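Dear colleague,

Please find the structure below, handed over for your own work. The findings follow directly after it.

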Amino acid sequence: MSTGSVEVVYRGIFQKTLAKNICRGVVFAAKKEGKIGTAFGRYSDSPERNGIPAKQFAVVSDTHDELQEHLARYEPDNNDVTIACDDTLCKGIESWAWYGLQPINKLLKKGGTLLVTSFQSPNKLINFIHRKGEPYNLALIRAQASFSGLWVYKDDHTDARLLGALAKVAPHIVGIDAICEVIEEQWKDDLKVISARKSFDATKSQPVSAEQGNEEVPFSFEKPGWKTMEEGLVIRGISAEKQVVAGRDGGYVPTRNATFKKYSTRTMRPVINFDTCTKCTLCWLNCPDTCFDITPDGLYDANMDACCGCGVCEAVCPVADCVTMVNEEAFDDNASQWEMWVKDKKGYETWMTEKISDQPARTHGFHHVGQYAEEATNESA
Amino acid sequence: MNPPKTATAETMVTGGTEELISGSEAIAHACRLADVDVITAYPIRPYDTVMQYVSQMISNGDFDCEFIVAESEHSQFEIVKHASAVGARVFVGSSGVGWFYAFEALAVTAGLRIPMVAMVGNRALDDPGAFGVEHNDALAVRDLGWMLVWVETAQEALDTALIAYRVAEDKRIFLPIAISCDGAFLTHSQAIVNVPDQATVDSFLPRYDRGDKLLHPDNPITIAPQANEDWVMEIRRQSDAAMRRTRDVITEAYEDFGDKFGREQEPFIERYMMEDAEIALVGMGTLALPVKVAVRKMRAQGQKVGFVRVRWFRPFPTEELQDVLSGVAAVGVIDRDYSFGSTFHSGVLANELRSALYPVENRPKIISFIAGLGGREVNTDNVIVIAGMVADAAAGGDMNDQDTYWIGVRE
């Protein structure tokens, strides 16, 4: 008599099919073992927005009565396993209908396993992940985040490999034999079965103590009650006055929405070379999230609380090496780059050179015909 | 009444396949199995998922029908109304304010006695633009001649859609039916569903035959003329008579469905652990899921509590509700809807039930609860709190049965 649940956290649109394949795979495999299950998405995440953290769930029970307790739920808690399909999600997640930053391990039960696709070291990820206050386990599979689009699926076996790893870390939910049978049936592809088995064999988890992890208190705010909320669905405008920033005289920092940060959408961030900037204003004008602060010396500093990582600034910048999109994993905080540059220009140059060397394939969907083939060639090389 | 049999491998009389599908996909399968001729669509969440599955079936070559994407919900419902008049079996649907945009077409469909089957993916009305479930969208047509039914699971959605065609298109009836499926909890949740085979469906569901009411050059008739005060009351009385006849037709359809498909269920309501219940909870749709779990938990602690799920809201199951609730001490009605300014500011179901139980001797106290609006989760703990308040009313406590209690709202 038991129930097990798997939470799959993924990047909206880019990993939608990946998440669906995992959850359906779990339910089908559980059925092979005589159990009953359900698969569903967190409803408020849909219609999905590109890259915005979204969730799907698979819940598996021994009996119908047990399963019933977990139906008609918005977001199951106490999950046995949380799968982060992209390791930058370890920094915390804010869906477009969630107001506040949710730690990636928040809905994971004590002693459960966080399973992440990543090429980073476990210790590096633990530094990103918020402190849980309860022990849990971390397991990694070495895999690309497998971003694709709404109408295309990049079938690089990440789904099969995650299912294989899941059978290793949570055999009480589904066993590897059932997983392999389902993969064979659903995809009719022996290579995918082999991928799942290899992943099962290779997956190891390591304990994470209650006190390990990012100490930062995740951003949150109190929702008003019906007696305190303004009537008539009125939202007061944000003041047009500029924000006062300690130590800055001049420039312009707009006041931003204090309750919706959006930055957990980001898997890449712009790094700015302030020495080559011509102050042409194009990044500032074209940024869809108004994320550029104007500095007192007339430069443009991307504010990392507001940046979604879309890459428009890099695309419109007319200077060859002024704006470079860099893997979000390379950063530990959201501090101002301009302030770092002002303080120590030499040091900033060293820092910037190191950061822009880290540009893995983390494209947002597919932009041109033939891109899939190019990426596949690069990855196999 | 015996508890309904659950569909298991043993009770399955028919073949068919087991699929992992959502409530919306189950409805799409029902359209395919009913061999619907004309489907119109206009996107709105959560109904749009039905469109996706239907168009997928058509493009895969599994289903052949006219699939028309209209330019608005009003046209969407008008097109199928006309298609039905010329003899096409039709399917249509919408959600929330999309359903309301079609409101004129909804009214004339019932007035013209068009046997349309619609799916309402229940959604909160704008504003605010929320996607989650509320029942006010479908309930808005409750006085117009639409039959209204709520389902709990994807299996029930598929089964009810097949039953709906049989009932709506019965010549004794010729009225439209709206099948309500709770947004998210049913439309977007995948469960293992038995999808019956075509032969069994064909043995249950006859072809749509309008007889001499077919709009066709070989059968020259006019439908929908202008008529004024000297005609209207008689027309309304005909619709009323048709609605009164639905009880027998629905009962027959469920009996035959049970025989053919091996899934028997009481047509109008579901009685859950009501045999010796001293207090009862009443609700519709997927609300039944947490309520059943809560009822089992409370039963395990010796509390005599039961649950009645209202399937059909139109025709309203007055006799069944009088029968099952007349003996209990107090009833808690959980509405996933609101009726601002109504009697005791209660939900629609609560006041309808008060009316149904008024003539009954030993009528129970009826306490009205509003919960789960806009898709907010109603969990087992909420239900246990509600049942505690109903038990307090039964014991003569200070619960006010002339007021309404909001559960899970932030003060």
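Contact here requires that the C-beta atoms of two residues, placed from the backbone, lie within 7 Å. Helices (H or I, at least four residues) and strands (E, at least two) are DSSP runs, numbered from the N terminus. Axes are lines fitted to C-alpha atoms, for helices over the stretch in contact, and angles run from 0 to 180 degrees between N-to-C directions.

Please note that this is a predicted model, in which local features need pLDDT of at least 70 and side-chain atom pairs count only at pLDDT 80 or more, while totals for chains, interfaces and linings use all residues. Residues are numbered from 1 along each chain as its sequence is written, and chains are lettered from A and ligands numbered from 1 in the order in which they are written.

Two strands count as paired if DSSP finds at least two bridges between them.

**The interface between chains A and B**

The contact takes 24 residues from chain B and 22 residues from chain A. On the chain B side, β8 (189–195) and α10 (288–300) each supply at least two residues, and α10(B) gives the largest share, five residues. The chain B side divides into eleven nonpolar, seven polar and six charged residues. In this grouping, Ala, Val, Leu, Ile, Met, Phe, Trp, Tyr, Cys and Pro count as nonpolar, Asp, Glu, Lys and Arg as charged, and the others, Gly among them, as polar.

**Domains of chain A**

Chain A is divided into domain 1 (3–208) and domain 2 (237–258 + 268–361), with bounds that come from an automatic or database domain assignment. Their centres, taken over C-alpha atoms, are separated by 34 Å. Five residues from domain 1 and four residues from domain 2 form the contact between them. The domain 1 side of this contact has no nonpolar, four polar and one charged residue.

**A second sheet, in chain B**

Chain B also holds an open sheet of six strands with mixed pairing, ordered β9-β11-β10-β13-β14-β15. Its edge strands are β9 (269–272) and β15 (404–406), each pairing on one side only. Strand β14 (residues 365–370) and β15(B) are parallel over three bridges, and S368(B) has T404(B) as its bridge partner.

Helix α12 (residues 348–357) of chain B lies across β10 (279–283), β11 (305–310), β13 (330–335) and β14, at about 145 degrees to β13(B). Helix α13 (residues 380–394) of chain B lies across β10, β11, β13, β14 and β15, at about 150 degrees to β13(B).

The 15 residues of α13(B) should span 21 Å at 1.5 Å a residue, and the end C-alpha atoms are 21 Å apart, which agrees; the expected span is 1.5 Å times one less than the number of residues. Among the buried residues of α13(B) are V383(B), I386(B) and V390(B). A residue is buried if 20 or more other C-beta atoms lie within 10 Å of its own, exposed if 12 or fewer, and partly exposed in between, with C-beta atoms placed from the backbone. The buried residues of α13(B) pack against β10, α10, β11, β13 and β14 of chain B. G396(B) follows α13(B) and has a positive phi, near 80 degrees.

Yours sincerely
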